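Please find below a short note on how the parts of this chain pack together. It is arranged as numbered points, to be read alongside the structure.

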Amino acid sequence: MKRYEGKVALITGGLGAFGKAIAARLVEEGARAMLGDLSVPSADTLEGAFGEAAERIAGVRLDVTSAESWDQAVAETYRRFGRFDVLVNNAGTLSPAPAVFDEIGLDEWRRVFAVNVDGCFLGVQAALRAMKSAPDGGVIVNMGSIAGYVGSKDNGAYGASKSAVRNLTKQAAISAARLGYNVRVNAVHPGYAWTPLVEAKLTEQYGSREAAMQFMRSLNPLGRIVEPRDVAAAVAFLGSDDARMITGGDLIVDAGRLAQ
């Protein structure tokens, strides 16, 4: 499929597991991609991650908590590629250690919300301003989480922030639609996914990679593990014209975990 031929995507958190998987999928479908992250990847880093596709990918420094940084990243996307069609608000953060709700520090609560909610808010604003007057409009895909749907014993800041992202998505989607912006806004909500960080953590906890993978499979009714490529496929769908009638929506990618 070449659903993204001639399109340009800005992907935040571009150097993480999800960011790289999303970039690879969109480029495979014809896009050019700008990876926004706190550091700019070198040409060697891009080539190592994407191979020959690296020639269609560039990087830009982006602090998602800064409106000025967003303006600069959007401007650089236009300067480098000449257009801006898709924003993937993928950047996010977790608390470094679990904390029960009554022990979450206010500074930590604010830090998580600054990245996960303020960063998403500023990105949506920057994209709407750029896309609403573009001839072809645009698409925004925000990264939520199934943690935004349920409570937890010791992950309250993250879960609450992702719940906010879910409703933020709906507010932006309806505002843009009713104002005739021709910009769709949706959210993807992954379950617990197999990333290098998760692999390292669970392998240490369970003693082997296979034991860690078996634990991950046991969480999900489908008996399979959610991988970054699964999340990338969901993003690619929502960002494409195949989803032209979907806005303000939620696409859950969790192998059935939330439904049980």
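**Note on helix packing and domains**

1. In helix 4, the residues Trp109, Val112, Phe113, Asn116, Val117, Cys120, Phe121, Val124 and Leu128 touch helix 5 through Gly156, Ala157, Tyr158, Ala160, Ser161, Lys162, Ala164, Val165, Leu168, Ala172 and Ala176. By class, this contact of helix 4 with helix 5 comprises 16 nonpolar residues, three polar and one charged. The model under review is a predicted one.

2. The geometry of this pair may be stated next. The crossing in which helix 4 passes helix 5 is right-handed.

3. Helix 4 (residues 106-131) also packs with helix 3 (residues 67-81): their axes come within 10 Å and cross at roughly 40°. Helix 3 and helix 4 are therefore oblique to each other. Here too the handedness can be given: helix 3 passes helix 4 in a right-handed crossing. On the side of helix 3, the contact involves Ala67, Trp70, Val74 and Tyr78, while helix 4 supplies Gly119, Leu122, Gly123, Ala126 and Ala130. Seven of the residues in the contact of helix 3 with helix 4 are nonpolar, two are polar and none is charged.

4. A further pair is formed by helix 6 (residues 196-206) and helix 7 (residues 209-219), whose axes lie 8 Å apart at an angle of about 105°. Because angles of 65 to 115 degrees count as roughly perpendicular, helix 6 and helix 7 are described as roughly perpendicular to each other. Val198, Glu199, Leu202, Thr203 and Tyr206 of helix 6 meet Arg209, Ala211, Ala212, Phe215 and Met216 of helix 7. The contact of helix 6 with helix 7 contains seven nonpolar residues, one polar and two charged.

5. How is the chain divided into domains? The domain assignment gives domain 1 as 8-191 + 227-253 and domain 2 as 193-225. Between the C-alpha centres of domain 1 and domain 2 the distance is 25 Å. Six residues from domain 1 and five residues from domain 2 take part in the contact.

6. What area is buried between domain 1 and domain 2? The value is about 390 Å², and carbon and sulfur atoms give 65% of this area.

Terms used:
Residues numbered from 1 in each chain as written. Predicted model: local features only at pLDDT ≥ 70, side-chain atom pairs only at ≥ 80, totals over all residues. Heavy atoms only, no water. Axes fitted to C-alpha atoms, helices over the stretch in contact; angles between N-to-C directions. Helix = DSSP H or I, 4+ residues; strand = E, 2+ residues; numbered from the N terminus. Parallel < 35°, antiparallel > 145°, perpendicular 65-115°, else oblique. Left-handed = near helix turned anticlockwise from the far one by under 90°. Contact = heavy atoms within 4.5 Å. Nonpolar A, V, L, I, M, F, W, Y, C, P; charged D, E, K, R; others polar. Domains from an automatic or database assignment. Buried area = accessible area lost by both parts, 1.4 Å probe.
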